Amino acid sequence: AGFRSYQGNDPLMVIASAGDNVIGLQRVQGELMVGPKTTKVTIFDDASPPTGTTDKRAAVLFNDGFSPGAPPPNHISFLSARTNDAMVDYLSPLLPLAKGLGVPLLDFDKYAASRDSVVTGERTIPIIARFFESSAR
């Protein structure tokens with residue numbers, strides 16, 4: 001499970017966050033380094049990466065949150081807010097029990113506190129859309 005280096009030369013877009021406790025940012029950075037040496041991966045290491053990149057292989061790594069004092073996006077932040085809110089509402093009564101039993105929470109507990117899917121989408125969807133537009137040419 002999780003991100004593994006991609007050995008092909010097709011277009012590649014990786015978006016990762018320091019707030020993801022399921023697939024850690026260090027793991028993603030390590031996998032990007034062992035990818036194919038013939039095709040460079042442009043890494044944008046900034047909370048506000050350029051949305052107009054035309055790089056065919058790029059990674060956007062979020063180290064910070066999108067507002068002062070906010071944590072970086074977590075594993076769940078990248079999904080739809082409506083879906084996340086429904087899952088959190090449904091799972092919230094079980095989170096303390098799961099945490100007490102040591103069951104992996106997949107960042108549902110963090111998302112319950114941050115509820116940051118909308119702002120995460122506002123930042124990532126334009127990046128993804130432009131990547132697909134430039135890759136389609």
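Q: Which residues form the largest nonpolar core?
A: In this predicted model, the largest nonpolar core has nine residues. They are L12, V14, A16, I23, L25, V28, L32, A59 and L61.

Q: Which elements each supply at least two residues of this core?
A: Three do: β1 (12-17), α1 (25-33) and β3 (57-62).

Q: How many helices and strands are there in the protein chain?
A: The protein chain has five helices and three strands. Read from the N terminus, the order is β-α-β-β-α-α-α-α. Of its 137 residues, 37% are buried.

Q: What is the volume of the largest pocket?
A: Start with the general idea. Rolling a probe the size of a water molecule over the atoms shows where empty space is left. Here the largest pocket has a volume of about 320 Å³. It is lined by 20 residues, and I15, A16, D20, H75 and F78 are the closest to its centre. A16 also belongs to the largest nonpolar core.

Q: Which elements give two or more residues to the lining of the largest pocket?
A: Those elements are β1 and α5 (117-135). Helix α5 gives the most, with six residues.

Q: Which residues make the nonpolar surface patch?
A: L97, L101 and V103 make a patch of about 310 Å². V103 sits in the loop between α3 (95-101) and α4 (108-114).

Q: Where are L106 and R115 found?
A: Both are in loops. L106 is in the loop between α3 and α4. R115 is in the loop between α4 and α5. L106 is partly exposed, with a relative accessible area of 42%. R115 is partly exposed too, at 38%.

Q: How many salt bridges does a search of the whole structure find?
A: The general idea is simple. Side chains of opposite charge can pair when their charged atoms come close. The search finds three salt bridges in the whole structure.

Q: Which side chains meet R115 in a salt bridge?
A: Take D85 first. The side chains of R115 and D85 meet at 2.9 Å, N to O. This pair links distant parts of the chain, 30 residues apart, with R115 in its loop and D85 in helix α2 (residues 81-91). D85 counts as partly exposed, at 26% relative accessibility. Now take D89. The side chains of R115 and D89 meet at 3.8 Å, N to O. D89 is also in helix α2, and this pair is 26 residues apart. D89 counts as exposed, at 52% relative accessibility.

Q: Which parts does the salt bridge of D109 and K99 tie together?
A: The side chains of D109 and K99 meet at 3.9 Å, N to O. D109 lies in helix α4 and K99 in helix α3, so the pair ties together parts ten residues apart in sequence. D109 is partly exposed, at 28% relative accessibility. K99 is exposed, with a relative accessible area of 55%.

Q: Which residues do salt bridges with shared partners join into one network?
A: The network consists of D85, D89 and R115.

Terms used. Residues numbered from 1 in each chain as written. Predicted model: local features only at pLDDT ≥ 70, side-chain atom pairs only at ≥ 80, totals over all residues. Heavy atoms only, no water. Core = buried A, V, L, I, M, F, W, Y, C linked by side-chain atoms within 4.5 Å. Buried < 20%, exposed > 50% of the residue type's maximum accessible area, 1.4 Å probe, protein only. Helix = DSSP H or I, 4+ residues; strand = E, 2+ residues; numbered from the N terminus. Patch = residues over 30% accessible without salt bridge, like charges linked within 9 Å, V, L, I, M, F, W, Y side chains within 5 Å. Areas by Shrake-Rupley, 256 points an atom, 1.4 Å probe, with all protein chains shown as cover. Salt bridge = Lys/Arg side-chain N within 4 Å of Asp/Glu carboxyl O. 1 Å grid on protein atoms, 1.4 Å probe; cavity = no way out; pocket = protein on both sides within 12 Å on 5 of 7 lines; lining within 4 Å. Points joined across faces, edges and corners; volume = space filled by probe spheres on them.
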